[in-house]
Amino acid sequence: MALYATNFTTWDWVIVVVYLLTSIVIGVWANRYVGNLSDYLVAGRTLRIRLALATMTGTELGLVTVMYSAELGYKQQYASLYLAVYEAAFLLAIGLTGFVVYRLRQTAVLTIPEYYERRYSRGVRVLGGTVMVVSGVLNMGLFLKAGAQFLTAISGLQDALFLKLIMTGLLLLVLFYTILGGMVSVVITDLVQFLVLGVGMLVVTGYVVSAVGWDGLTQVATLHHGYIDPTRVDNPSRLLTSGAGIGPGTLLMQAMVVFTALMLWPSGASRTLSVKSSDVAKKLYLYSTVPFLARRALPVLWGIAAFSFFATHPDLLATFQEAIQSSADGGTAHVTQLSAMPLFLAKIIPTGVLGLVTAGMVAAFMSTHDSYLLCWSGVVTQDIVAPLFGPLNQRRRIAITRIAMLVIGAMLLFWGLWYETRTDLWSYMAVTGTIYLAGVLPVVVGGLYWKRAGTRGAYVALLGGMTGILALGPIIERINALLASREISLRVQNWQMVLLTFGVSSIGFAVVSLLFPDRTEA
Amino acid sequence: MNGWMILWMVVLIGSVVGFVGLLLLVGFGAIGELRQMLDELRADTRAAAEHPEILDEAT
């Protein structure tokens with residue numbers, strides 16, 4: 001069997017293209033429902049629970065989530081399911097208690113930085129908005145590449161040029177309908193995308209389980225010595241050369257990142273702020289436990305099945321690993337371990353169904369991109385441009401949001417084309433997300449629950465989050481090379497840097513707030 | 001099968017069953033909610049059309 005063998009045919013392309021055109025029509029149609037800025041940014045705060053659930057799931061269950069979860073499933077097998085357990089447990093806790101999200105919705109702000117201004121100062125708002133956009137765009141930087149890698153692997157297109165053309169095309173499509181219809185367009189397309197994606201995920205899971213079988217899945221743990229216990233630091237699987245370990249440090253770091261992201265990641269928070277009331281916000285989190293568990297667990301299962309498939313096809317595994325090496329050495333095809341899952345699906349799902357599944361995955365890609373683009377560009381307008389150069393009328397604000405969306409799109413394309421991650425995709429996302437999350441955690445939680453939370457403390461916390469840049473792969477490599485050149489045996493790992501960033505921000509916030517409290521009016 | 005594998009199997013099976021339930025829950029009610037949302041938004045677009053000066057007020 002050839003590595004790029006696929007059941008994807010012209011019929012599958014037709015299905016995908018028809019689906020894409022439908023999304024464009026919906027986006028154009030939704031434009032008629034945008035009456036003012038609130039409609040454009042938060043759909044006039046009209047979301048009820050089912051629609052909110054569909055759009056929250058559509059946004060957070062992106063193709064990038066599917067890709068990084070499947071990559072973890074392939075590299076770390078069952079042990080990587082700890083992330084699914086984390087998300088479900090934390091969402092359940094937030095949904096039951098309403099921690100942060102209930103009070104945040106009560107403030108009736110449009111964005112998190114707007115809350116910074118109400119609680120602290122305009123300067124904190126501008127700084128917080130800037131950090132949020134920098135972190136968000138860096139975080140989104142590899143979405144395009146992951147999406148295109150899925151499409152090229154599943155359709156059998158091997159040339160890196162196709163990867164670039166597909167990246168550009170997908171981005172232009174999402175930009176088109178999001179710029180036109182804003183959040184109204186996002187909500188309607190998210191609902192369609194949620195249904196297409198949801199059915200697609202269940203269909204894929206059915207094919208995956210029947211292709212590998214119960215024996216194949218259990219043999220991952222027994223015959224192939226797969227990774228089962230996430231508290232182990234070393235990855236016992238000898239089949240893959242680059243299957244990183246997890247261990248207590250990474251478990252702690254991921255707990256911090258996942259918990260904070262669930263409450264305060266801007267795209268999720270924008271759903272919290274778009275719902276009708278604080279009670280709906282709380283309910284949204286409670287009910288999101290199920291889709292968030294599934295968004296991690298099902299793609300991990302596909303990755304585990306891909307591992308099992310390659311383990312039982314040693315020739316194919318050898319070809320795959322050669323292709324990864326050749327790609328890393330500058331070959332024409334772009335292949336990494338992210339490609340394992342789509343290469344596997346391309347061989348087991350029949351023609352026609354493969355087109356529907358691919359349309360579902362493209363739906364996942366678009367539903368994440370549209371929300372993210374709208375979210376970051378909304379922050380640029382509301383929290384950076386308007387406070388600095390305002391006052392601005394609503395027409396101008398919508399125009400600036402649209403321009404910001406175009407600029408961010410161009411940056412994503414540029415970043416996606418040249419940046420190569422040296423870690424797995426999820427680690428990259430956790431690290432880039434930390435730049436924002438480490439600062440927002442103390443600033444928002446402190447602001448909502450601690451009377452002595454102060455403006456200077458907020459500045460320190462937000463700037464402290466920028467130390468998260470030190471956890472990026474190339475910078476860690478440089479730090480370690482420097483340590484090695486000075487014959488110091490210590491080696492820095494990214495989980496240590498991420499925890500350090502959270503520590504710097506939170507401790508800095510508390511200490512500075514206590515030492516330099518805000519002046520209260522007499 | 002050890003304790004970890006039992007946990008992971010429960011997580012995987014729970015995900016599939018829960019996701020099916022969610023699709024049914026959302027699928028059978030979201031269209032009605034979408035209609036309500038569009039009706040409410042129509043009021044905004046009407047107000048913007050009747051009073052375009054609102055959009056020109058600087059805030």
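This is a predicted model: local features need pLDDT of at least 70, side-chain atom pairs count only at pLDDT 80 or more; totals for chains, interfaces and linings use all residues.
Local features here need pLDDT of at least 70, side-chain atom pairs count only at pLDDT 80 or more, and totals for chains, interfaces and linings use all residues. Residues are numbered from 1 along each chain as its sequence is written, while chains are lettered from A and ligands numbered from 1 in the order in which they are written.

Start with chain B. It has 3 helices and 0 strands. Helices (H or I, at least four residues) and strands (E, at least two) are DSSP runs, numbered from the N terminus. Read along the sequence, the pattern of chain B is α-α-α. Chain B has 59 residues, and 20% of them are buried. A residue is buried if 20 or more other C-beta atoms lie within 10 Å of its own, exposed if 12 or fewer, and partly exposed in between; the C-beta atoms are placed from the backbone.

Look at helix α1 of chain B, residues 3-27. This helix has 25 residues and reaches 36 Å from its first C-alpha to its last, close to the 36 Å expected at 1.5 Å a residue. The expected span is 1.5 Å times one less than the number of residues. Several residues of α1(B) are buried, among them B:W8, B:L12, B:F19 and B:V26.

Now move to chain A and helix α9, residues 143-155. Its 13 residues reach 18 Å from first C-alpha to last, close to the 18 Å expected at 1.5 Å a residue. How many residues of α9(A) are buried? The count is 13 of 13, so α9(A) is mostly covered. Just after this helix, A:G156 takes a positive phi of about 85°.

A:A148 sits in α9 of chain A. A:A148 is buried because 26 other C-beta atoms lie within 10 Å. Leaving aside neighbours within four places in sequence, A:A148 is in contact with A:L163, A:I166, A:M167 and A:L170. Two residues are in contact if their C-beta atoms, placed from the backbone, lie within 7 Å. A:A148 and A:G303 are 155 residues apart in sequence and 18 Å apart in space, C-alpha to C-alpha.

Next comes a helix pair. Helix α5 (residues 82-97) and helix α14 (residues 289-311), both of chain A, pack at an angle of about 175°, with their axes 8 Å apart. Axes are lines fitted to C-alpha atoms, for helices over the stretch in contact, and angles run from 0 to 180 degrees between N-to-C directions. That angle makes α5(A) roughly antiparallel to α14(A). Angles under 35 degrees count as roughly parallel, over 145 as roughly antiparallel, 65 to 115 as roughly perpendicular and the rest as oblique. On the α5(A) side, the meeting residues include A:L83, A:E87 and A:L91. On the α14(A) side, they include A:F292, A:R296 and A:A297. The residues of this contact divide into 9 nonpolar, 2 polar and 2 charged. Ala, Val, Leu, Ile, Met, Phe, Trp, Tyr, Cys and Pro count as nonpolar, Asp, Glu, Lys and Arg as charged, and the others, Gly among them, as polar.

A:A297 turns up again in the largest nonpolar core, which has 187 residues. A nonpolar core is a set of buried Ala, Val, Leu, Ile, Met, Phe, Trp, Tyr and Cys residues joined through C-beta atoms within 7 Å. A:M67, A:L264, A:A297, A:A305 and A:A306 touch the most other members. The largest share of this core, 23 residues, comes from helix α10 (residues 160-221) of chain A.

Most residues other than glycine have a negative phi. A:V100 has a positive phi, near 70°, and lies in the loop between α5 and α6 of chain A. A:E487 has a positive phi of about 55°, and its loop joins α21 and α22 of chain A. A:V100 is buried, with 22.

Finish at A:S505, in helix α22 of chain A. A:S505 counts as buried because it has 28 C-beta neighbours inside 10 Å. Among the residues that A:S505 touches are A:A438, A:A461 and A:G465. A:G465 belongs to helix α20 (residues 455-465) of chain A and is buried too, with 29 C-beta neighbours inside 10 Å.
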